[in-house]
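Hello,

Please find the model we talked about below, followed by some notes on what was found in it.

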Amino acid sequence: MSALSPTLPQRGKEKQLSLLAVEPHPDDESIGMGGTLARYSAEGVRTTLVTATRGEVGEILDKDLDPKEAAPRLATIREGELRNAVKVLGVDELVFLGYEDSGMAGLPRNREPKTFWQADEEEAIERLIQVVRRVRPQVMVTQNEFGGYAHPDHIKTHRVAIGAFFYAGDVKRFPGGEPFRPSKLYYSAFPKSLMRQMAEAMERAGVENRFSTDGEPPPFAVSDDRVTTWLDVSQFVDKKLAAMRAHRTQIPEDSWFLKLNEALGPKAWGIETFERVRSSVEAPIPEDDLFAGLR
Ligand SMILES: [Zn+2]
């Protein structure tokens, strides 16, 4: 069960609301939507995280580990980190889709058959569909078509999640289980305006600026008109940061992610933003709730 927040009514429980996040690697959930997962878990929404890979070929930045020794068991280490993170966030269920990390774009590893990038897309969609039919989420959240920053696993996650969103309701095409079609589909979205504000604030605070190069927003930023949904997660910044810290191999204590919070305070991570790309229910734009129109 989720940890209950003393300040939030259990609005998710009135109708059993369900949120499914589909992410490529351990840590993407905490960085992109940790506050969102914590907030809805605290409201009593059933939260499920599907992670496509165990991040087998990620960096090893944890100073307590010898990278050479730790590299062969990185999958196990990162699975443990992710389990700690989802516990902090109150996520009800964690599911691994069972693929291997494809590595950054352009690496020879991208072509290895065991990687997610090379995985049969129909089969991956089928695996995710079985999760969708079982947990019956009204809302699905995933990566956009650029996969944030064009990492092959992020792009593949996007394609597989879209396939599952549309075909979970089609038992002719994908048999097995009860058909179910989620009502709303979202992408994580980092608006250029917010990125620019963060870059300026970081410069003022003298923190390494990873949001902007030469005044240009970073490649994962999207134009503001794509952002439909602005979620206030300010009450859950501590949980988001604790979840990020749980990913010790990826986000060490001296990382700019955590320095950003020191420099800007809760403003740095107090809002999480999304692009609503499909909705079968009436909901306003902009909206401040992924479940707008579903309560
Ligand atoms: Zn990732």
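**Zinc site and sheet**

H25 and H154 are both buried, where buried means under 20% relative accessible area with a 1.4 Å probe and protein chains only. This is a predicted model, in which local features need pLDDT of at least 70 and side-chain atom pairs count only at pLDDT 80 or more, while totals for chains, interfaces and linings use all residues. Residues are numbered from 1 along each chain as its sequence is written, and side-chain values use heavy atoms, leaving out hydrogens and water.

The zinc ion is coordinated at 2.1 to 2.6 Å by H25 (ND1), D28 (OD), D28 (OD) and H154 (NE2), donors being N, O and S atoms within 2.8 Å of the metal (3.2 Å for Na, K and Ca), with water not among the atoms, so sites may look incomplete. Along the chain the donors of the zinc ion follow the spacing H-x2-D-x125-H. H25 lies in the loop between strand 1 (18-23) and helix 1 (28-43), and H154 lies in helix 6 (residues 152-167), so that the pair, 129 residues apart, links distant parts of the chain; helices (H or I, at least four residues) and strands (E, at least two) are DSSP runs, numbered from the N terminus.

Seven strands form an open sheet in the order 3-2-1-4-5-9-8, with mixed pairing, and two strands pair if DSSP finds at least two bridges between them. Strand 3 (93-99) and strand 8 (229-232) stand at the edges with a single partner strand each, so one side of each is left without a neighbour in the sheet. Strand 4 (residues 139-142) and strand 5 (residues 184-188) run parallel and are joined by four bridges, with V139 standing opposite K184 in strand 5.

Best wishes

Definitions and conventions
Buried < 20%, exposed > 50% of the residue type's maximum accessible area, 1.4 Å probe, protein only.
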